[in-house]
Amino acid sequence: MKKPVRRYLDNAATSWPKPQGVYEAWERAGRSLGVAAGRGAYGEAVEAGRIIDRARSLVAAMLGGVEPDCVAFPAGGTLALNMAIHGVVQAGDHVIATAADHNATLRPLHWLASRGVITLDIVPCDRSGRVDPASIAAAWRSATRLVAISHASNVTGALQDAVTIARLVHNRGGLLLLDAAQTLGHVSAPEFTAIGADILAAPAHKWVLGPMGAGILFVRPGIAIAPFVQGGTGSSSDRLEMPAGFTDRMEAGTPDLPAIAGLAAAVEWLEAQSVLSVAAACRALALDCALRLAEVPGVDVIAAVTGSAAVGSAPIVSFTVDGFDPAEVAAVLEQAAGVQARSGFHCAARVHEHLGTAAGGTVRVSFGPFNAAEDVDAVVNTVALLVGGESVSSVRV
Ligand SMILES: Cc1ncc(COP(=O)(O)O)c(C=O)c1O
């Protein structure tokens with residue numbers, strides 16, 4: 001049987017393919033430069049340093065014109081979140097997180113709470129994955145210091161009302177940690193400015209369209225953050241203390257130059273297309289997919305893109321099919337139509353209790369800038385045939 005053409009629809013996990021310039025920058029940094037940036041004074045090392053500075057400026061602009069020196073590049077989004085959490089919270093703090101958060105936030109917080117270091121409240125979300133800011137206000141205690149939210153749910157795509165939540169947190173003297181994994185690259189710079197998160201963390205490899213191996217950590221000046229990872233920085237090397245400067249403090253170890261060079265190229269590509277027009281194109285595919293899947297008998301669609309809070313939501317469509325395990329549906333999608341979807345809980349421990357999908361999770365498809373209308377057809381037609389009782393081997397789109 002001929003293998004169907006690959007239709008990659010797991011962009012919420014990592015985007016693929018990347019713009020051509022990302023691969024070129026990544027390869028050039030690894031093959032032609034191939035140096036440890038910040039660790040030498042020879043030509044390639046200096047150029048490597050320039051590439052990293054440029055990436056910092058590009059990302060700082062994407063975040064709404066923050067100070068580039070407040071942007072660090074840890075090795076990934078999970079590390080950036082861990083650095084934020086372990087670097088900022090102190091013994092006795094109360095932290096509020098949400099049921100829509102990813103395990104990259106919930107697990108480090110649970111780790112600290114289960115060891116008695118902090119107290120933690122996880123506030124609920126509704127069936128679209130949205131959190132009512134009032135539930136954060138209701139959970140507030142005198143010891144509350146940090147509120148951690150996923151800007152958009154990686155299961156439903158729901159965008160939180162981060163502006164209202166930030167205002168609430170700041171009025172009460174707390175800090176907002178924004179996990180922008182599912183929004184950076186789709187949400188405009190002015191929107192990030194309007195939120196004014198104290199700390200923002202994201203990987204480069206999702207909607208920013210950069211390579212794996214680079215994360216983004218922004219911390220507002222004046223916020224004390226201990227270095228969760230300590231080591232060589234190429235600066236003040238004669239001292240055992242970590243240096244004082246934010247980027248040195250947050251970037252111990254040899255930087256992943258190819259990943260950061262690719263990140264810079266990705267941001268340039270996104271800006272050239274316009275972040276909002278790329279987001280709108282991806283969202284249009286997700287909306288089409290969600291609306292058409294909802295017409296198929298027995299399919300339950302859970303996607304913020306179709307609801308009243310669709311504006312700004314991530315191009316993610318979760319769904320379940322009556323009588324089929326999500327893993328089974330994902331397997332049929334790939335075998336029959338080459339559609340690469342994700343099934344299960346999507347590393348989000350709590351959200352499924354609120355979506356009614358705690359038994360087996362969902363099937364998730366997520367659309368990137370290189371997907372097309374035929375990819376939506378492939379999903380919808382395959383699911384319709386499956387529901388219609390076609391055998392897996394005969395399901396063809
Ligand atoms: C909302 C959210 N936060 C954090 C992460 C962690 O990112 P990474 O796995 O790239 O470290 C993910 C990845 O799926 C995510 O969806």
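In this predicted model, Ile149 has Leu178 of strand S6 as its bridge partner. The two strands involved are S5, residues 144-150, and S6, residues 175-179, which pair in the parallel sense over 5 bridges. Helix H6, made of residues 162-171, packs on the sheet and touches both S5 and S6. The direction of H6 makes about 155° with that of S6.

The pair S5 and S6 belongs to an open sheet of 7 strands. Read across the sheet, the order is S2-S8-S7-S6-S5-S3-S4, and the pairing is mixed. Which strands stand at the edges? They are S2 (71-72) and S4 (119-123). Each of these has a single partner strand, so one side of each is left without a neighbour in the sheet.

Another part of the model to look at is a pair of helices. Helix H1 covers residues 20-33 and helix H9 covers residues 257-273; they pack with their axes 7 Å apart, at an angle of about 150°. Because angles over 145 degrees count as roughly antiparallel, H1 is described as roughly antiparallel to H9. The crossing of H1 past H9 is right-handed.

Which residues of H1 make this contact? They are Gly21, Val22, Ala25, Trp26, Ala29, Gly30 and Leu33. From H9 come Leu257, Pro258, Ala261, Gly262, Ala264, Ala265, Ala266, Glu268 and Trp269. Sorted by class, the contact between H1 and H9 has 12 nonpolar residues, 3 polar and 1 charged.

Methods. Residues are numbered from 1 along each chain as its sequence is written. This is a predicted model: local features need pLDDT of at least 70, side-chain atom pairs count only at pLDDT 80 or more; totals for chains, interfaces and linings use all residues. Axes are lines fitted to C-alpha atoms, for helices over the stretch in contact, and angles run from 0 to 180 degrees between N-to-C directions. Helices (H or I, at least four residues) and strands (E, at least two) are DSSP runs, numbered from the N terminus. Angles under 35 degrees count as roughly parallel, over 145 as roughly antiparallel, 65 to 115 as roughly perpendicular and the rest as oblique. A crossing is left-handed if the near helix is turned anticlockwise from the far one by less than a right angle, and right-handed if clockwise. Two residues are in contact if their C-beta atoms, placed from the backbone, lie within 7 Å. Ala, Val, Leu, Ile, Met, Phe, Trp, Tyr, Cys and Pro count as nonpolar, Asp, Glu, Lys and Arg as charged, and the others, Gly among them, as polar. Two strands pair if DSSP finds at least two bridges between them.
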